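Please take a moment to look over the sequence and the structure below, and then follow the explanation with both in view.

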Amino acid sequence: MALLGKAAVAMWWSVRPEHRAEFGDWHSHEHFPERMSIPGFRRGSRWSSTTDAEGFFVLYELEQYEVLTSKGYLDRLNAPTPWSRKMMPHHLGMVRSQCRICASFGGGVAASLATIRLSPDVGREAALQAHLSDTLGALAQKPGLTGAHLLLTDTPRTSAPTTEQQIRGKDGAADWIVLLSGYDADAVERAVIAQLASSVLHAAGAQNQTEGRYRLAFTMTPQDVVAI
């Protein structure tokens with residue numbers, strides 16, 4: 001899963017069972033096409049947690065960092081549709097990070113994904129970034145794996161919370177994000193345990209690690225919207 005562009009929006013949240021069917025319909029048939037119609041959006045993907053029955057991970061890949069503050073994006077964030085207004089309150093425990101893509105290795109779209117949220121120790125940022133870049137570059141070439149990426153949260157300065165944020169309530173944010181994808185879920189798991197486990201990354205200068213495991217539910221590009 002080579003990331004497309006230089007920026008991304010990475011999001012984690014939960015949806016309770018009674019709302020998941022409508023959520024899937026809304027997110028696939030209205031929300032993704034809406035987002036993919038915004039200039040600068042290159043690809044969106046939704047992932048269902050394999051360890052938490054209510055969890056999702058969503059990634060939007062953006063052509064440039066400036067898309068995050070573009071009129072096209074902010075206009076949509078501040079004018080949610082009636083269906084979006086209905087569904088936004090069901091996004092529970094939202095963690096939403098607006099990121100620069102620091103390193104991206106691999107290609108294609110795979111079915112299995114591990115996400116790791118972490119923070120660098122003070123004074124060890126450069127060393128940790130170098131360690132992660134070297135590790136991820138090597139992992140992307142391993143059997144069963146397809147992509148390995150490092151995203152650094154860089155929240156744009158905006159004048160006020162958007163309408164969508166106001167509907168959801170206060171969003172959390174990650175700091176640094178590691179994504180590891182593959183066509184073999186066991187290979188992804190082995191790689192995390194061997195080279196991206198909390199103890200390994202702690203020794204390299206990381207702290208506050210949170211992991212997730214996901215399978216691909218849906219992906220869309222602007223070309224798919226044109227084809228609808």
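The model is predicted, so local features need pLDDT of at least 70 and side-chain atom pairs count only at pLDDT 80 or more, while totals for chains, interfaces and linings use all residues. Residues are numbered from 1 along each chain as its sequence is written, and side-chain values use heavy atoms, with hydrogens and water left out.

Strand β7 has a partner in strand β6 (residues 145–153) as well, again antiparallel and again through seven bridges, and in this pairing H149 stands opposite L179 of β7. Seven of the seven residues of β7 (residues 176–182) are buried, so the strand is largely enclosed by the rest of the structure; buried means under 20% relative accessible area, exposed means over 50%, and partly exposed lies in between, computed with a 1.4 Å probe on protein chains only. Both faces of β7 are covered, with W176, V178, L180 and G182 buried on one side and I177, L179 and S181 buried on the other.

In general, strands of a sheet pair through backbone hydrogen bonds, either parallel or antiparallel.

Aromatic side chains come next, and the structure holds nine aromatic pairs. The rings of W13 and F23 have their centres 6.0 Å apart and their planes at 85 degrees, so this pair is edge-to-face. Rings of Phe, Tyr and Trp (its six-membered ring) pair if their centres lie within 6.5 Å, and planes under 30 degrees apart count as stacked, over 60 as edge-to-face and the rest as tilted. W13 and F23 are both buried. Another edge-to-face pair is formed by F41 and Y73, at 5.2 Å centre to centre and with 65 degrees between the planes; it links distant parts of the chain, since F41 is in strand β2 and Y73 in helix α2 (residues 71–77), 32 residues apart. Ring pairs also link F32, F41, Y60, Y73 and F218 into a cluster.

Helix α1 holds E34, which counts as buried because its relative accessibility is 13%. The side chain of E34 makes a polar contact of 2.6 Å with that of R35 and another, of 2.9 Å, with that of R76. A polar contact is a pair of N or O atoms within 3.5 Å, where within protein one must be able to donate a hydrogen and the other to accept it, and residues adjacent in sequence count only if both atoms are side-chain atoms.

The structure holds zero disulfides.

Key:
Disulfide = S-S within 2.5 Å. Helix = DSSP H or I, 4+ residues; strand = E, 2+ residues; numbered from the N terminus. Pairing = 2+ DSSP bridges.
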